[in-house]
Amino acid sequence: MHIQGVLNVLALQEGCIPYHSHEISSLKLGTLTPYHKGPMVPGTQSILPDDCTVQQVVLMHRHGSRGPLGEQRYIDHLLQTLDAYSEVIKEVDLPPNFAFLKTGYKSDLDPEKLTPIGRKELFDHGIRFALKYPHLTADTVLSSDSERVVESAHWFAQGYFGRDAEHVKYLNVTDLNDPVSWITPVPGPACPKFSFDYGRQVSQAYSEVYIPPINKRLNELLPFLHFTDDDIRGAIYACAYDLAAHGVSPWCDIFLPRELADFNYHLDVFMDAACAYTVPHNLGPLAGTVYVNKLIERFTNSSGDVQPLHLEFGHDVTILFAMAALNLTRDVPPLSPEGPPPHRKFHTAEQTPFAANMVWEKFTCKHSFDGPQIRLVLNEETFPLHTCQRTEDDYRFGTCSLEAFITANEYSTNIRFGDPIWNKSCGL
């Protein structure tokens, strides 16, 4: 009896380690991570030489923090469980990190909608963008037709243009005549074979590995609540979406750091298998070729209508498709539902958090570089273009020449929408 009592105390102590003993800013929750600057890459300088001038910029910005999508059903399931045992909760002693349940947890999340934090993210980014590129101008803003993306584009414009935002031309992909959009190439009629289903299958397999142990631990702490695996999923999503809506969540405190790390990997596995490297038929990189070809078209002015600045807004998948086609974050061996490898390149928490921004710069220099150069700034930090780096300075600044960039992306330049490769891959 004494031994069992000690074990119970140890279990209680472990379960009560509050996550807020760590910095909230260090939380990594896959694509549901609050916006933060990207990591600095050791050995890569983030400031270009003084003799260099950025002449052209292409921005692809993910929408800001939003409410839940299909995950709302798990949060609703959790709320039903708490409601069913509300009288019991009032009567029992709870561990400190569950004390918030005494007063009743209420969820006011607005599914799919941009949150106040999401609006601020985009407004702030618009201001910072204007300060970083004061010499470049634009008069058009392009977005996907999703409501949260359209709203994100408008909040960015308010920060970037100020009062002049009302004079800007706002377009979405449905206003264009392109046969396939580089912002939302799939899913849809452009590629009937494409589906997010494989990503769901793979991530579900991994959730069946890491969710049951969390359920077991929490049910040992709170046996009177009879948590199910779906309740645990609801609690994790409540953590992520409370942060997206309010910047704080009591649910984050009930999980151990390793459990949230498992959730982070769960979303990485999902996105990798849904829109990146492990999508069947290589459809992730294929979809990204549309963006890469548009980027090269702009940097070479092959269409004859070059603009110095493109302000465009899409989704996490928009960025991930492009990164997959560019082959910048591929893991070998690929990510699998068996568990995370010791090291990996594909990190959605770092690459596509809410309000992620992928900024492509074309620049020239008087002496430091010969000819036009390309740089990728992902979430305000240089992301090295390792597939096309040639010179010592390329590695030093994470850049490469436009010529080397085009050569390195022959996979994309050899594919066009409607050609035999596209049609065979997509089932057209």
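## A predicted chain, from overall fold to one buried threonine

Among contacts in the chain (heavy atoms within 4.5 Å) between residues at least 6 apart in sequence, 80% join residues at least 24 apart. The model is predicted, so local features need pLDDT of at least 70 and side-chain atom pairs count only at pLDDT 80 or more, while totals for chains, interfaces and linings use all residues. Residues are numbered from 1 along each chain as its sequence is written, and side-chain values use heavy atoms, with hydrogens and water left out.

Let's start with the whole chain. There are 15 helices and 8 strands; these are DSSP runs numbered from the N terminus, with helices being H or I of at least four residues and strands E of at least two. Of the 428 residues, 54% count as buried, meaning under 20% relative accessible area with a 1.4 Å probe and protein chains only. Two overall values are set out here.

| Property | Value |
|---|---|
| Radius of gyration of the chain, over C-alpha atoms | 23 Å |
| Box filled by the C-alpha atoms, along the principal axes | roughly 80 × 50 × 45 Å |

A compact globule with 428 residues would have a radius of gyration near 22 Å, so the chain's 23 Å agrees. That rule is 2.2 Å times the number of residues to the power 0.38.

Now for a pair of helices. The axes of helix 6 (residues 197-221) and helix 7 (residues 229-246) come within 9 Å and cross at roughly 95 degrees. Here, axes are lines fitted to C-alpha atoms over the stretch in contact, and angles run from 0 to 180 degrees between N-to-C directions. The two helices are therefore roughly perpendicular to each other, a label given to angles of 65 to 115 degrees. Helix 6 brings Q204, S207, Y210, I211, P212, I214, N215 and L218 to the contact, and helix 7 answers with D229, I232, R233 and I236. By class, this contact has 7 nonpolar, 3 polar and 2 charged residues. Ala, Val, Leu, Ile, Met, Phe, Trp, Tyr, Cys and Pro count as nonpolar, Asp, Glu, Lys and Arg as charged, and the others, Gly among them, as polar.

Finally, have a look at helix 10 (residues 316-326), which holds T318. This helix is mostly covered, with 11 of its 11 residues buried. T318 itself is buried, at a relative accessible area of 1%. Its side chain reaches the backbone oxygen of I183 at 2.8 Å. Leaving aside neighbours within four places in sequence, T318 is in contact with M60, W182 and I183. Just after helix 10, N327 takes a positive phi of about 60 degrees.

Conventions: Parallel < 35°, antiparallel > 145°, perpendicular 65-115°, else oblique. Buried < 20%, exposed > 50% of the residue type's maximum accessible area, 1.4 Å probe, protein only. Polar contact = N/O pair within 3.5 Å; in protein donor to acceptor, adjacent residues only side chain to side chain.
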